Amino acid sequence: MLIHGAVDNDIHPPRFGGAQRSFGLYRGLAAAHQVNVLCVVPNRNRASREERAAGVTLIRRRAWYTSLAWRLERARLAPLFSAAYTHRARARRLLQSLPGSADVLAVDFHLTGLFTRSRARLKVYLAQNVEYDHFRATQPPLLLSSVWAGRVRAFEARAVRSADRVVVVGEEDQARMRELYGLEDERTIVIPNGWDERTIRPPSPAERASARAAIGAGDGTYVAVFLASDVPHNRTALAGLLDRVLPALGGDSFRILVAGSITRALPRALPASVIARGEVEDLGAVLHAADAGLNPASEGGGSNVKLPTYLGAGLAAVSTRFGLRGFAALEPHVTTVPLERFAEALRARPRGWAAAGAPRPEAVSALAWGRLGAALGARLTEALEGQVALDLVREPRRARA
């Protein structure tokens, strides 16, 4: 099966949640299928035009108008979403960048306009969120915000209507898509977010000692890590940690390690109990220094990739109930409390499965991207076979007509 994908960002290396989901699923699909992915990137992107990574062929094409959309959002005139209209207008040209005649076209929200020009037998919308809800919850103030929200909803409705299959991250999003757009269960595939089993694992004693020494954490120090990209809902979560959790922890025996582009939102003068690491190439080294992972989410869409990543690394995990959305199977392995009780939960010094000397829980192993991508491949193969059978039934009818 030849699968063509399309995303409106650079997904390799996959440094943040959206890219991690996209690359993780394409990588899992590539284990059994040929996968070519078009990455529509800004002009400033300096990565190679073509790259092969983990079995996936990445084809990067620079688009000046994505930078324009970014500037318009910064000026509060229009959202980044506005680039989706130009993607749709350039659909034929964008598709020409992908070699071969695809059996499946699997794209993210902003690239669903490519469905109009594709001859793929199976068109798949890889939804990261319910975009209408996500826009209303997280979009910064804009001129005519309500008008843009209506446009997002209309664009999402068209994407759902045009797709043969819609892949969602959890049952919550499935129910909301059904409510908003009448999406039938038979056209829906639920594939949760996962973690990278190639790079994420518990540390050896030497690796843990080295990682903790690098952040100045002593033997008696309990380290909780918050991984996040710099987006509005993560800024809200970070503010909650700094304003409500950190003061309640007290003492010198706790550290909060903040990693990812969210560190841009940290104040210049940091308390000694907060350690910032920015965007890192080796995420494992950050996780190796920690005892627990934090997911203080209170808003946003889809689900949080950080949660299965923490558990894949063997850490304890402390999350809000909202942060657990899309991961019902992980609930027995997560300390789930309101934000105001995070400090209390951390003072109990929870231990993950690795520190307890236990095997990795099957519920965590099942969320490895390789397994999730393989599961998606099986569902797409089944859907494609059904589509071919339907075409064979239709063809004689056309001939008789």
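**Close-up views of a helix pair and of salt bridges**

**View 1. The crossing of helices α5 and α6 is right-handed, the near helix being turned clockwise from the far one by less than a right angle.** This is a predicted model, in which local features need pLDDT of at least 70 and side-chain atom pairs count only at pLDDT 80 or more, whereas totals for chains, interfaces and linings use all residues. Residues are numbered from 1 along each chain as its sequence is written, and side-chain values use heavy atoms, without hydrogens and water. Helix α5 spans residues 131–138 and helix α6 residues 145–162; the two pack at about 160°, their axes lying 8 Å apart. The pair is therefore roughly antiparallel (angle over 145 degrees). Contact (heavy atoms within 4.5 Å) involves Glu131, Tyr132, Phe135 and Arg136 of α5, together with Ser145, Trp148, Ala149, Val152, Arg153 and Glu156 of α6.

**View 2. Glu51 and Arg60 form a salt bridge, with 2.6 Å between the closest N and O atoms.** A salt bridge is a side-chain nitrogen of Lys or Arg within 4 Å of a carboxyl oxygen of Asp or Glu; the structure holds 20 of them. Glu51, at 24% relative accessibility, is partly exposed, whereas Arg60, at 3%, is buried (buried, under 20% relative accessible area; exposed, over 50%; partly exposed, in between; 1.4 Å probe, protein chains only).

**View 3. Glu344 and Arg341 are joined by a salt bridge of 3.5 Å, N to O.** Both side chains belong to partly exposed residues, Glu344 at 43% relative accessibility and Arg341 at 39%. Elsewhere, salt bridges with shared partners link Arg27, Asp196, Glu197 and Arg198 into one network.

Conventions. Axes fitted to C-alpha atoms, helices over the stretch in contact; angles between N-to-C directions. Helix = DSSP H or I, 4+ residues; strand = E, 2+ residues; numbered from the N terminus. Parallel < 35°, antiparallel > 145°, perpendicular 65-115°, else oblique.
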